[in-house]
Amino acid sequence: MNDTTRLVSKVLLLERDQDCLRQLRSFCGENDLVGLKVRPDNVMSVLKSNVDLGGIFLAEDFGDTKATGRALAHAIHAVRPELPIFLRCETPGELSDADLRVARAVYSTTDIATLVPVIAASIFCLVYPNALVRGISELTLTALRSQLKHVTVEGETPYIVRDRIIYGEIFTLIPLESTWCRGYMMLQAKEDAVRHLLGLSDATYTTRPGLDFRDLNSFLGEVTNLIWGAFKNRYISYSDTNGRHLSQVPLVINHLQKYVSFGSEDPQLCFCYTLTDPERPDLPPMLIYQRFVFNLSWSPDEIKDNQSSVEDLFKSGELEMF
């Protein structure tokens, strides 16, 4: 098996031509992209929502005229400058310098293959080892389930995002630091969803009547701390810290803003977990988004998994057959 997992990334397809859409659908399938369509009059509202994206495929004639499509490229770049725009233009010589500045790449129906290295460089530019991605999902599911009594927790396929959108109002942030990485882990959730699950569903072992926002913050903060501790135990050895004390207290932010920046253009590794209560099917599911941004240092070749396998223990003589 390849040592890198085949992560996906969601991209917006702003294209009306049906032949081009079929071509894009095939291109996306071959390059680990998940295409999302939107109507022209809904583009800006979608971009201002909580939809996390890796990039945008925009046809210059997506609007009524070529000028409309190009103007849309400038409008998109103004509200979401972190998202690469791949502009389809059959006559690239007509593009102005300003048009070229907002487009990450320009392509036509005959040379869409030229986008393959651009996609790799702009969306999938960081390598995430398969064992790390799988391990993060496992330890996060364990941490969530340990805090909930009868709630079903499921994880979706991990994916890569380029945007800086914050999902919901409760946001936790904790640093990660070792010889092979320096960055942050985040958990994000909607306050009302957390309140309904914890307050109405009697989902946790510490649930009490009259939950306020401090209790909701504490729940997500505790889960963050558990995941951080498990991550540190599994992937960061004491020698990695050079003798320094790496204990951290989660930073919890509860706000209505939807943007966060870490001063880096690198994409983020994202996980989504869905929590449902089988005993309360009337309650909407609660979503928790988990993001990793390694904005300060990233050396995946140096990752060491501290979790010993049974085979390793047999080889070292620590375990014997009885």
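Residues are called buried under 20% relative accessible area, exposed over 50% and partly exposed in between, with a 1.4 Å probe and protein chains only. By this criterion, buried residues make up 47% of the 322 residues in the protein. The structure is a predicted model, in which local features need pLDDT of at least 70 and side-chain atom pairs count only at pLDDT 80 or more, while totals for chains, interfaces and linings use all residues. Residues are numbered from 1 along each chain as its sequence is written, and side-chain values use heavy atoms, with hydrogens and water left out.

Nine helices and twelve strands were assigned to the protein. These elements are DSSP runs numbered from the N terminus: H or I over at least four residues for helices, E over at least two for strands. Contact is defined as heavy atoms within 4.5 Å. Among contacts between residues at least 6 apart in sequence, 74% join residues at least 24 apart.

An open sheet is formed by five strands in the order β2-β1-β3-β4-β5, with parallel pairing. Two strands count as paired if DSSP finds at least two bridges between them. The edges are held by β2 (33-37) and β5 (105-107); each has a single partner strand, so one side of each is left without a neighbour in the sheet. From one strand to the next, the twist averages 25°. Strand β1 (residues 9-14) pairs with β2 in the parallel sense over five bridges. L12 has L36 in β2 as its bridge partner.

Two helices on this sheet were examined. Axes are lines fitted to C-alpha atoms, for helices over the stretch in contact, and angles run from 0 to 180 degrees between N-to-C directions. Helix α1 (residues 18-30) lies across β1, β2, β3 (55-59), β4 (85-88) and β5. Its direction is at about 150° to β2. Helix α5 (residues 115-122) also packs on the sheet, where it touches β2, β3, β4 and β5. The direction of α5 makes about 165° with that of β4.

The loop between α1 and β2 contains D32. Its phi is near 60°, a positive value in a residue other than glycine. Most residues other than glycine have a negative phi. D32 is partly exposed, with a relative accessible area of 22%.

Helix α6 (residues 130-146) includes T140. T140 counts as buried, at 1% relative accessibility. Leaving aside residues up to four places away in sequence, T140 touches I227, Y273 and Q290. T140 and V223 are 83 residues apart in sequence, yet 8.4 Å apart in space, C-alpha to C-alpha.

V223 also takes part in the contact between α6 and α8. The axes of α6 and helix α8 (residues 213-235) come within 9 Å and cross at roughly 140°. That makes α6 oblique to α8; angles under 35 degrees count as roughly parallel, over 145 as roughly antiparallel, 65 to 115 as roughly perpendicular and the rest as oblique. The crossing is right-handed. A crossing has this hand if the near helix is turned clockwise from the far one by less than a right angle, and is left-handed if anticlockwise. On the α6 side, the contact is made by A131, L132, G135, I136, E138, L139, T140, A143, L144 and S146. On the α8 side, V223, L226, I227, A230, F231, R234 and Y235 take part. The residues of this contact divide into twelve nonpolar, three polar and two charged. Here Ala, Val, Leu, Ile, Met, Phe, Trp, Tyr, Cys and Pro count as nonpolar, Asp, Glu, Lys and Arg as charged, and the others, Gly among them, as polar.

Antiparallel pairing was found around strand β11 (residues 268-276). Eight of the nine residues of β11 are buried. Four bridges join β11 to strand β6 (residues 152-155), with T276 as the bridge partner of T152. Three bridges join β11 to strand β7 (residues 159-161), again antiparallel. There, Y159 has C270 as its bridge partner. Seven bridges link β11 with strand β12 (residues 286-298), and these two also run antiparallel. L269 stands opposite F292 in β12.

Strand β8 (residues 170-177) has six of its eight residues buried, so β8 is largely enclosed by the rest of the structure. Eight bridges join β8 to strand β9 (residues 181-189) in an antiparallel arrangement. L173 has M186 in β9 as its bridge partner. A hairpin of three residues connects β8 to β9.
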